[in-house]
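Please report on helix packing and nonpolar cores in the model below. Keep it brief.

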Amino acid sequence: MKFGLACAGGVVEGAVYEIGVLCALEEAIDGLDFTQMDAYVGVSSGGLVTACLANGISARAMSRAAISQASPELNLQPERLFTLALGELQRRLVEAPGATWRALWKYASSPLDLSPVGALAEMSSLLPVALFDNAPLEAYLRHAFSTGARTNDFRALERRGRPLRVISMRLDSSELVAFGQPETSHVPISKAVQASTALPGLYCPVEVDGADYIDGVARRTLNASLALEAGVDLLFCVSPIVPVNTAPAEGRAHPPLTDHGLPSVLSQTFRAAIHSRRRTEFRDYAHRFPDADVILVEPDLEDPGLFFSNIFSFSNRHAVCERAYRATRANLRGRQAEMRAKLRRHGLRLNDEVLADEERTLFGRLRPAHERPYGESTFDKAHDALDRLDHALDDYRLGARNQVGAVSSASRCPKAGERRLQCEAIARRQASVWATSSTSPLLQAGSATSAVPTGACRDAPSAGGAEDLEDIREHAGGGDVRARARATHRERRGVVARRVELEEVVGPGELAEGRALGHRLHRDAHGPIV
């Protein structure tokens, strides 16, 4: 069986939405691992998401990076996405005197032929092509993909069995280009993603091999046919671009879109066109690839949350990702019969226990970095470290549960189970280091070290799988990881309840005493690390 993933665009909130969806799917479907797909296709911000997954960066890790709680090289900061295109603005200003003189001369020469408004239209070339430059995004991805076992080379991913295609449009010819195919595989992945995310008006066109490229959504919504043509049997598709329905109805009262101004009217027009094209594409897929199954996840047209989110606000990333996660889980509960039938044909299954928990959340109490109600106190550092430890246990639990799915798909990836066991062992050992080291993030400021080093699954040595399994079982307290994670959460509440005690002790010049108390609180909450 061959699995694939196709992600559409949607600017910043689109990528964050897709990350929340992928976390929910991976958690609710036993045996599903989006870092081990047989084909990846990404358009616009979907190209960023699929490029990270193909490089082994999990959806969970990306969700933490979205709220700046992952490792430093992955944390997504505002300046990486919204840097003013000063070079473009400067170039237009330099051209302003000449363009103004030409417009005035043309108007003076033919005053009856050209109105003042028409003379202004002659100066349209002075308008910058975009507000922002996404070159910092390219630099961010280039650095992230150069760390550990990741790669910035399409050909290296192809050799690893994880082919990636990033879709863009050549501006001057309107030609659709799939970076990653043989003729474009020499282009760095980071550069291809930069070109694919260059939404006209927002980001400047990106020059690649002497040609200008813009956002691939101008020509395709998903372009999922590339994955289906590669022989994928089960394709997961995520498309955040849908219009919103704010028409008056029973139980729903929204103001008309015109009340929100021109941006909302243009956004609705753009989204309606993209959504209509996506529906046409999927009807074509059903005709051309009748033997393949496609699972599509997209926002509900009745839910205005994503439509009205502010793309320039980084404070709403937490809410958008959490909303997508919970909406996807609700969607899966409503489509259980359909999903079970499709998944069963490909050796996967829904986890009823996970889906039945309607109070489950993506982040728990893990907060964005900017939300520090108690400042940078020692308690905050301990609180964040314990949250990350909870998430490490969640990741371990998910990986352990996926062992069941890995057995059924062993013929598809014989070493997947062994790699996952080694990865889980590394996670447990890293958690032990956190708890015992004097440089632990429990005690030191500014650390956001990931519990599992990216690429660890692939880089772990092939020997020692049995010892790692025993190590995992020992740390998990008999193997009941779900009970262990819940117990950890309950025990951690004791630490939270003692916040006042900790803050009373720790003050200027009393850091050593605060550290000692932090150690004691951690031992009280979790016991000694065996």
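Contact means heavy atoms within 4.5 Å. By that rule, and leaving out residues up to four places away in sequence, Phe-34 touches Leu-5, Leu-22, Leu-25, Glu-26, Tyr-40, Leu-53 and Phe-236.

This is a predicted model: local features need pLDDT of at least 70, side-chain atom pairs count only at pLDDT 80 or more, and totals for chains, interfaces and linings use all residues. Numbering starts from 1 along each chain as its sequence is written, and side-chain values use heavy atoms, without hydrogens and water.

Two cores are listed here. A nonpolar core is a set of buried (under 20% relative accessible area, 1.4 Å probe, protein chains only) Ala, Val, Leu, Ile, Met, Phe, Trp, Tyr and Cys residues joined through side-chain atoms within 4.5 Å.

| Core | Size | Residues, among them |
|---|---|---|
| Largest | 78 residues | Leu-5, Leu-25, Ile-29, Phe-34, Phe-179, Phe-236, Leu-343 |
| Second, separate | 24 residues | Ala-178, Val-217, Phe-282, Val-294 |

The residues named for the largest core have the most contacts inside it. Helix H1 gives the most to this core, with 11 residues.

Helices are DSSP runs (H or I, at least four residues), numbered from the N terminus. H1 (residues 11-28) packs on H2 (residues 45-54) at about 40 degrees, with axes 8 Å apart. Axes are lines fitted to C-alpha atoms over the stretch in contact, and angles run from 0 to 180 degrees between N-to-C directions.

Ser-45 lies in H2. Ser-45 is buried, at 5% relative accessible area. Its contacts include Ala-8, Gly-14, Glu-18 and Thr-197, not counting residues up to four places away in sequence.

Note on methods:
Helices (H or I, at least four residues) and strands (E, at least two) are DSSP runs, numbered from the N terminus. Buried means under 20% relative accessible area, exposed over 50%, partly exposed in between (1.4 Å probe, protein chains only).
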